[in-house]
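The following paragraphs lead the reader through one protein structure, from the chain as a whole to a single residue and its surroundings. Please keep the sequence and the model in view while reading.

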Amino acid sequence: PWGTRGAAANILFVAPFDAFDNSDRPLGVQTGAMDSAYQISYALKIADSLAIGGSGKFIDSRLYNHSARTYAADAGLLWRPRPRLRLGAALLHAGEGLRYLAQTDALPTMLRAGASWTPFDDKDFAHYFTLAADVVKLREEPVAASGGAEFWYDGVFALRVGGRSGAAGPGFTLGAGFRLYHEASGRPELDIDYAFIDSGDFAQTHRVSLAVKFGKTFRDEASAAVLRKKRTYEREALQPRPKLIRARPSAEPALSPDYKDWITP
């Protein structure tokens, strides 16, 4: 009821490398570099079919004995006009650039929009199939498009495939995911994902992610009321029915303990 909160830390370390001056002469020493971004996020479901969210970020970049810092923000919304269709849009990395001495590098501010569609009933959470497509506009670069598909088996194992176009050239991705559930509550607790990304002439990348989840999901909240009603009904059914209070002849009409039958003198 109070929304979803999140936090993230992204840190990139670079192995030590040879240092050069402005004239490309070696300095005879080694230096290093590190980039990091720390983020807090908040999202709120404001209607059955609409949710909004935002993030604040602190970005720190270090090279040799110099550093640059700045702040940035994200904002987005998710709209579900039909049960099997989701539309989303976001503005990412909005903020001032990183300034090293007299040089300022702009942040990769981008506009992003996408859609996903589950061809069959998404209430069958055991096995389901999703198609997705995104378009991205990054500053002066042309619009890039991407698409993909995901198949979940028994809600535990996922297979993914995708492709994209853009300034970096065409590429494709392959991936898999595995989900662990909490034995007592049956809620998803741990997600492990792997992705292979082929960027053509640039690089081939392997990525692994680990997500730990806390609290109840929207599905848990939706079923909680039904479970409470069922448990209350079962508990009342096991209890003996209270005896009716017999009123004295001089008493006024009174309500029985179960608030269902009127007792008259």
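Of the 265 residues of the protein chain, 18% count as buried, where buried means under 20% relative accessible area, exposed over 50% and partly exposed in between, with a 1.4 Å probe and protein chains only. This is a predicted model, in which local features need pLDDT of at least 70, side-chain atom pairs count only at pLDDT 80 or more, and totals for chains, interfaces and linings use all residues. Residues are numbered from 1 along each chain as its sequence is written, and side-chain values use heavy atoms, with hydrogens and water left out.

The protein chain contains one helix and 16 strands; helices (H or I, at least four residues) and strands (E, at least two) are DSSP runs, numbered from the N terminus. The chain exposes about 19300 Å², of which carbon and sulfur atoms supply 61%; such areas come from the Shrake-Rupley method with a 1.4 Å probe.

Several strands pair with one another, a term that requires at least two DSSP bridges between them. Strand β5 (residues 85-95) pairs with strand β8 (residues 110-117) in the antiparallel sense over eight bridges, and Gly88 stands opposite Gly114 in β8. Strand β8 is also joined to strand β9 (residues 128-138) by eight bridges, again antiparallel; here Ala115 stands opposite Ala133 in β9.

The largest nonpolar core has six residues, namely Ile59, Ala68, Ala72, Leu98, Tyr100 and Leu107. Such a core is a set of buried Ala, Val, Leu, Ile, Met, Phe, Trp, Tyr and Cys residues joined through side-chain atoms within 4.5 Å. Strands β4 (66-82) and β6 (98-100) each supply at least two residues of this core.

Is Ser55 buried or exposed? Ser55 counts as buried because its relative accessibility is 14%. Its side chain makes polar contacts with the side chains of Gln39, at 3.2 Å, and Ser41, at 2.6 Å. A polar contact is a pair of N or O atoms within 3.5 Å; within protein, one must be able to donate a hydrogen and the other to accept it, and residues adjacent in sequence count only if both atoms are side-chain atoms.
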